[in-house]
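Have the sequence and the 3D view at hand as you read.

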Amino acid sequence: MKVLKVLALILTATLVWSCQSEPTLQKYFVENSESSDFIVIDLVTNMLKIKTEELSDNEKEAFQSLNKLNILAFKKSDSLETKYNLEKTKVVEILKQEKYEQLMKVGSGSSGATIYSVGNENTIDEFVIYGNSKEAGFAVVRILGNSMKPEHLMTLIEVIKKADIQSEQLKPLEALLK
């Protein structure tokens, strides 16, 4: 009888804990992936068409720790000003959570970018780049991997620059950047 009470208590506690709905970037991406107001791009590493034989050992190590990139962008327009402000606030609030460690911030009052990491000082599970422009809109890039190291971020950016990404995959972002 005591065992049943303990099991019931554990089950109840598990259900209550799992029903907490703290917002996360993953949930935010999923919730907005079907919205016509957002541009969504998901790239797995094989889509990057990186010639690994041309990479240095350091670049190979960084690239092998990468799983995928998720990009979510909101293009600002006069008709979407209120929604832009609301969505930008939601993202900023999510990134204030303790699990997102701010690594670097660059830019001015009208535009800029902030880089965050999720994980510990030795192994990073996710890098997040949040960029915002009062004129163009905002974008969130999630760089997901396994046991990435903090020093991998800049290396990964350089490796991605070498990628042979089909322009059709990134066409939706061109409109945001114009």
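Are Phe 74 and Phe 138 buried or exposed? Both Phe 74 and Phe 138 are buried in this model, which is a predicted one. For Phe 138 the relative accessibility is 1%, so this residue falls under the 20% cut-off for buried. Phe 38 counts as buried too, at 7% relative accessibility.

**Ring pairs**

A pair of aromatic rings is described by the distance of the centres and the angle of the planes. In total, the model holds seven aromatic pairs. Phe 138 takes part in the two pairs shown here.

| Pair | Centre to centre | Angle between planes | Geometry |
|---|---|---|---|
| Phe 38 and Phe 138 | 6.5 Å | 75 degrees | edge-to-face |
| Phe 74 and Phe 138 | 5.7 Å | 5 degrees | stacked |

Where do these rings sit along the chain? Phe 38 belongs to strand β1 (residues 38-44) and Phe 138 to strand β6 (residues 137-148), so their pair ties together parts that are 100 residues apart in sequence. Phe 74 is in strand β2 (residues 66-75), so its pair with Phe 138 in strand β6 ties together parts that are 64 residues apart in sequence.

**The wider group**

If you colour the aromatic residues in your viewer, look for one aromatic cluster formed by Tyr 28, Phe 38, Phe 74, Tyr 84, Tyr 130 and Phe 138.

**A charge over a ring**

One more contact to find involves Phe 29: Arg 142 lies over the face of this ring, at 5.6 Å from the ring centre.

Key
Residues numbered from 1 in each chain as written. Predicted model: local features only at pLDDT ≥ 70, side-chain atom pairs only at ≥ 80, totals over all residues. Heavy atoms only, no water. Phe/Tyr/Trp six-rings, centres within 6.5 Å; stacked < 30°, edge-to-face > 60°. Helix = DSSP H or I, 4+ residues; strand = E, 2+ residues; numbered from the N terminus. Buried < 20%, exposed > 50% of the residue type's maximum accessible area, 1.4 Å probe, protein only. Lys NZ or Arg CZ within 6 Å of the ring centre and 35° of its normal.
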